[in-house]
Amino acid sequence: MTVAFLNGEYLPLSEAKISPMDRGFLFGDGIYEVIPAYHGRFVGFSAHMRRMRDGLAALQITDPYQEHAWRDLCQELLARNDGDDFGLYLQVSRGPAAQRQHRYPEQVTPTVFAYVFPIAQPGAGDPAAVKCWSVASVADRRWQRCQIKSVALLGNVMHLMEGVAVDAEEVLLFNDRDELTEAAACNVFIVQGDHVFTPALDHQKLPGVTRALLLDMMHQSGDWTVSETIVTRAMVDAADEIWLTSSTKEVAPVTQRDGHPVGGGLPGPMWSRAQQMFARHRFDY
Ligand SMILES: Cc1ncc(COP(=O)(O)O)c(C=O)c1O
């Protein structure tokens, strides 16, 4: 049985209920996070909290808890569920309104929901053991506020389904200038020779925690040449390696794009180095 948290109460997930007037349901008016935890230890907890605070501030929703209270809540939720390795889903919506009106209501109490789902701890860069990803390239048609981790994910969902329609598992999104933005649920890195590139952050991408941790590890180690810059479709076409990053995947190799092998069609050596480093340092954050 999965134990969830809803508005101050721990209860079986199957018994958690919210009002149909909740603005998260009616308008997608809320913010969420997914935080990985392995054997009770979170990866990047404070970075996830910072991003959630930024998102709540952007929507003018008062953060219901301070960071230490969020941490207690999350630890308690782990303790109440059986298992070792989890993704912890957290959502704060504006809450239930008396009337369905677009403008933010004055009197409303945010709805706080959290639950956990089992995940496998990513490995340490073994090409024989890793899941390889196939992606399709599609035009990015989402809103211009993708830096906000809003629960309104229909744009991302529809893009993912464009990939599914051609037997791909993720999509690489390109804007109107043919520049790579991100994937439906991941950030993207490419490799040319020994140079790593990732699209610079702006309103077209989520500031991924995994992206930030990986970049920090690369800078700390001093052994990487990495640029946050515009990544054009031509650069992606010429890439030796493509990686996806997200909290549950860490650094994952793409070995097929639009039906063609990427690099040699196998996880590349730079990917292996990157994920090895990530596995070594994941709990430093
Ligand atoms: C659109 C999008 N970009 C990037 C990411 C990766 O973010 P993080 O590394 O914080 O999980 C996600 C994760 O859900 C996402 O949904």
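## Ligand site and selected residues in a predicted model

A polar side-chain atom of Ser 247 lies 2.7 Å from an oxygen atom of the ligand. Taken alone, the ligand exposes 390 Å², and the protein buries 91% of that; such areas come from the Shrake-Rupley method with a 1.4 Å probe, and for residues only the protein chains shown count as cover.

This is a predicted model, in which local features need pLDDT of at least 70, side-chain atom pairs count only at pLDDT 80 or more, and totals for chains, interfaces and linings use all residues. Residues are numbered from 1 along each chain as its sequence is written, and side-chain values use heavy atoms, with hydrogens and water left out.

**The ligand site**

The ligand sits in the largest pocket. A pocket is an open set of points on a 1 Å grid over the protein atoms alone, with protein on both sides within 12 Å along at least five of seven lines. A molecule sits in a pocket if more than half of its atoms lie within 2 Å of the grid points. Strand E9 (180–183), helix H5 (209–221) and strand E13 (241–246) are the elements that give two or more residues to the shell around the ligand. Helices (H or I, at least four residues) and strands (E, at least two) are DSSP runs, numbered from the N terminus.

The ligand is surrounded by 17 residues, and the closest are Arg 51, Glu 182, Val 209, Thr 210 and Ser 247. A residue is near a molecule if one of its heavy atoms lies within 4 Å of it. Thr 210 has a polar side-chain atom 2.6 Å from an oxygen atom of the ligand. For Glu 182, a polar side-chain atom lies 2.7 Å from a nitrogen atom of the ligand.

**Buried residues**

Which strand holds Leu 244? Leu 244 has its place in strand E13. Leu 244 counts as buried because its relative accessibility is 0%; buried means under 20% relative accessible area, exposed over 50%, and partly exposed in between (1.4 Å probe, protein chains only). Leaving aside neighbours within four places in sequence, Leu 244 is in contact with residues including Trp 133, Leu 172, Ala 183, Asn 187 and Val 254. Contact means heavy atoms within 4.5 Å. Leu 244 and Asn 187 are 57 residues apart in sequence, and their C-alpha atoms are 5.7 Å apart in space.

Thr 255 lies in strand E14 (residues 250–257). Its relative accessibility is 12%, so Thr 255 counts as buried. Beyond the neighbours within four places in sequence, the contacts of Thr 255 include Cys 132, Trp 133, His 260 and Pro 267.

Arg 23 belongs to helix H1 (residues 23–27). With 3% relative accessibility, Arg 23 is also buried. The side chain of Arg 23 reaches the backbone oxygen of Gln 101 at 2.7 Å. Gln 101 is also among the residues in contact with Arg 23, neighbours within four places in sequence left aside; others among them are Asp 29, Arg 94 and Tyr 104.

Asn 81 is found in the loop between helix H3 (67–80) and E5. Asn 81 counts as buried because its relative accessibility is 6%. Leaving aside neighbours within four places in sequence, Asn 81 is in contact with Met 1, Thr 2, Val 3, Phe 86 and Val 116. Asn 81 and Tyr 115 are 34 residues apart along the chain, and 9.3 Å separates their C-alpha atoms.

Is Glu 76 buried, partly exposed or exposed? At 31% relative accessibility, Glu 76 counts as partly exposed. Glu 76 is found in helix H3. A polar contact of 2.7 Å joins the side chains of Glu 76 and Arg 80. A polar contact is a pair of N or O atoms within 3.5 Å; within protein, one must be able to donate a hydrogen and the other to accept it, and residues adjacent in sequence count only if both atoms are side-chain atoms. Between Glu 76 and Phe 189 there are 113 residues in sequence and 35 Å in space, C-alpha to C-alpha.

**Exposed loop residues**

| Residue | Loop between | Relative accessible area |
|---|---|---|
| His 39 | strand E3 (30–38) and strand E4 (41–42) | 56% |
| Asp 167 | helix H4 (154–165) and strand E8 (170–174) | 70% |
| Gln 107 | strand E5 (85–93) and strand E6 (111–118) | 73% |

His 39 is not a glycine, although it has a positive phi of about 50 degrees. Asp 167 is a residue other than glycine with a positive phi, near 65 degrees. Gln 107 and Thr 245 are 138 residues apart in sequence, with 39 Å from C-alpha to C-alpha.

Technical notes
1 Å grid on protein atoms, 1.4 Å probe; cavity = no way out; pocket = protein on both sides within 12 Å on 5 of 7 lines; lining within 4 Å.
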